[in-house]
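Subject: Structure for you to look at

Hello,

Here is the structure I said I would pass on. Please open it next to this message and follow along.

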Amino acid sequence: LEILLDGGIGRGTRVLKALAAGATAWRVGKAFLFSLGAGDQKGDERLLENMQKEISRNMILMGCKKIEDLDASKIIYRN
């Protein structure tokens with residue numbers, strides 16, 4: 001089953017959750033429009049830079065050295 005996440009991604013942590021759940025692709029959506037409106041191309045570049053930093057920082061906190069090491073049990077809490 002291929003999982004594609006359409007929108008709802010505004011933070012790097014949500015990217016990690018999607019990847020841990022098995023998503024093969026994801027789309028940022030409105031976040032690009034907001035950053036584009038606020039700061040033109042530089043705004044979008046800053047958004048991507050911030051997301052990359054957040055992904056890297058949270059992977060370190062989870063003890064993952066590469067994307068393949070992501071495990072849903074480390075990220076997604078289920079009742």
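In this predicted model, helix H1, residues 12-20, meets helix H2, residues 30-62, with the two axes coming within 8 Å and crossing at roughly 60°. That angle makes H1 oblique to H2. The crossing of the two helices is right-handed. On the H1 side, the contact is made by Gly12, Thr13, Val15 and Leu16. H2 contributes Met51, Glu54, Ile55, Asn58, Met59 and Met62.

The angle and the distance are both quoted because two packed helices are described by the angle between their axes and the distance between the axes.

Now the chain as a whole. How many helices and strands does the chain have? There are 3 helices and 2 strands. Read from the N terminus on, the elements come in the order β-α-β-α-α.

What share of the residues is buried? Of the 79 residues in the chain, 28% are buried. The accessible surface of the chain is about 5900 Å², and carbon and sulfur atoms hold 54% of that surface.

One more figure concerns contacts along the sequence. Taking the contacts in the chain with a separation of 6 or more, 38% are between residues 24 or more positions apart.

Regards

How values were computed. Residues are numbered from 1 along each chain as its sequence is written. This is a predicted model: local features need pLDDT of at least 70, side-chain atom pairs count only at pLDDT 80 or more; totals for chains, interfaces and linings use all residues. Side-chain values use heavy atoms; hydrogens and water are left out. Axes are lines fitted to C-alpha atoms, for helices over the stretch in contact, and angles run from 0 to 180 degrees between N-to-C directions. Helices (H or I, at least four residues) and strands (E, at least two) are DSSP runs, numbered from the N terminus. Angles under 35 degrees count as roughly parallel, over 145 as roughly antiparallel, 65 to 115 as roughly perpendicular and the rest as oblique. A crossing is left-handed if the near helix is turned anticlockwise from the far one by less than a right angle, and right-handed if clockwise. Contact means heavy atoms within 4.5 Å. Buried means under 20% relative accessible area, exposed over 50%, partly exposed in between (1.4 Å probe, protein chains only). Accessible areas come from the Shrake-Rupley method with a 1.4 Å probe; for residues, only the protein chains shown count as cover.
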